[in-house]
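Okay, everyone, thanks for coming. Let me put the thing up on the screen first, and then I'll talk you through it.

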Amino acid sequence: MMSAMDDGVALRLVAEDDLPFLERLTQDPDVAGEFAWLGWRDLSRFRAGWADNKLISDDSGVLMIALGQERLGYVSWHKFVIPPSYCWTMGIALEPQARGHGYGTQAHRLLARYLFAHTTAHRIEADTEAGNVAEQRALEKAGFTKEGVLRGVFWRDGAWRDDVVYSLLRTDQPV
Amino acid sequence: MDDHLMLRLVAEDDLPILERLTQNPDMTGEFAWFGWYKLTRFRQWWADNRLISDDIGVLMVVKGEDRLGFVTWHKVPSTPACYYWNIGIALLPEARGHGYGTQAQRLLARYLFAHTTVHRIEAATEVDNVAEQRALEKAGFTREGVLRGVGWRDGAHRDGVWYSMLRTDQPG
């Protein structure tokens, strides 16, 4: 069931004038937030990707999260292939002012609905750092199931970090 | 037993064994039969780089002259700045149930921790493959969770159990 809060929050294609917004969210430590600041790398990747395919390919994608004219953040997905099958791994980044309003929950739900509608995938996966409680709460409210904690998966701010894995299956009850 | 079990490079005359272990349903066993695909891949990769590259590798598991099966590893990038290894194993039917899988996976972990900077080595198996789960636990791997519907085998989505060994774990 759609809550009233779903009204207005939408996913849309990335336009050229959204690129500075995407760059701020990933390249400015103050905007990225503690769990998404992984250092500077490949600063032109959004521009290059946008010039190449408007940030949508068969294996990955980026969409803006918008509330009317306002930009709240973006969602992304990429293909995780385990032959002979595959699943999607999705991610999200929200503007500091857009956090804590349930927009992340709505955006996850909208992206899952989009991917289940337009691809044959059975599983959509999302993962987040063990300390990122807000994202875990958003995933749970969006209907994702916690599956486990993968230890020492990635490196952030001088230390190896554990990763919590969540999934939503096509056969799960919609929330 | 540990003295005799070894990992070594794949020789050309090992290729039929790798192919039997992946392309013959009677040899692969229930959990490793995924249908036929890229039948010549081992031969091509062997011709190309003897099945060892920076991102992927295959080694034979042997005990003296006896070939028991093979182990594999491949790189999983977790961020653009780091990666870990995912490992796998296949044993010939007559080599199963003797603890060789435990020893081979322990040797492979030791090899990868010695020669690469990784912090994490991961292994996954289907939720009903109890033998491999026991082998991983005996080799010192820690069970981390069950990823639902992550694999496809024999007409159905299958749940996968995830294990890992960290460089900082006590040796198993």
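This is a predicted model: local features need pLDDT of at least 70, side-chain atom pairs count only at pLDDT 80 or more; totals for chains, interfaces and linings use all residues.

Residues are numbered from 1 along each chain as its sequence is written, chains are lettered from A and ligands numbered from 1 in the order in which they are written, and side-chain values use heavy atoms, with hydrogens and water left out.

Taking contact as heavy atoms within 4.5 Å, 24 residues of chain A touch 24 residues of chain B. The buried area between the two is about 2100 Å², with 62% of that coming from carbon and sulfur atoms; that's the accessible area (1.4 Å probe) lost when the two parts are put together, summed over both. On the chain A side, A:Glu147, A:Arg151 and A:Trp160 supply 29% of what the chain buries against chain B, more than any other three residues.

What about polar contacts across the interface, how many residue pairs are there? The rule finds 11, with both residues at pLDDT 80 or more. By that I mean N or O atoms within 3.5 Å, where within protein one must be able to donate a hydrogen and the other to accept it, and sequence neighbours count only if both atoms are side-chain atoms. As for who supplies the chain A side, strands S5 (123-129), S6 (145-156) and S7 (159-169) each give at least two residues. Those are DSSP runs numbered from the N terminus: E, at least two residues, for strands, and H or I, at least four, for helices. S6(A) gives the most, with 10 residues. By class, that side has 12 nonpolar, six polar and six charged residues. Here Ala, Val, Leu, Ile, Met, Phe, Trp, Tyr, Cys and Pro are nonpolar, Asp, Glu, Lys and Arg are charged, and the others, Gly among them, are polar.

Now salt bridges: a side-chain nitrogen of Lys or Arg within 4 Å of a carboxyl oxygen of Asp or Glu. One to look at is B:Arg148 with A:Asp172, at 3.0 Å between the closest N and O atoms. Both of those belong to a network that also links A:Arg123, A:Glu125 and A:Glu147. Within it, A:Arg123 and A:Glu125 meet at 2.8 Å, N to O. Buried or exposed? A:Arg123 is buried at 0% relative accessibility, and A:Glu125 is buried too, at 8%. The cut-offs are under 20% for buried, over 50% for exposed and partly exposed in between (1.4 Å probe, protein chains only).

Over in chain B, B:Arg43 pairs with B:Glu19 at 2.7 Å. B:Arg43 sits in helix H3 and B:Glu19 in helix H1, so the pair ties together parts 24 residues apart in sequence. B:Arg43 is partly exposed at 39%, whereas B:Glu19 is buried at 13%.

H1(B), residues 15-23, is mostly covered, with seven of its nine residues buried. In chain A, the buried residues of H5 (133-141) are A:Glu135, A:Gln136, A:Ala138 and A:Leu139. They span an arc of only 160° around the axis, which puts them on the same side of H5(A); the arc is taken from the directions from helix axis to C-beta atoms. After H5(A) comes A:Gly143, with a positive phi near 100°.
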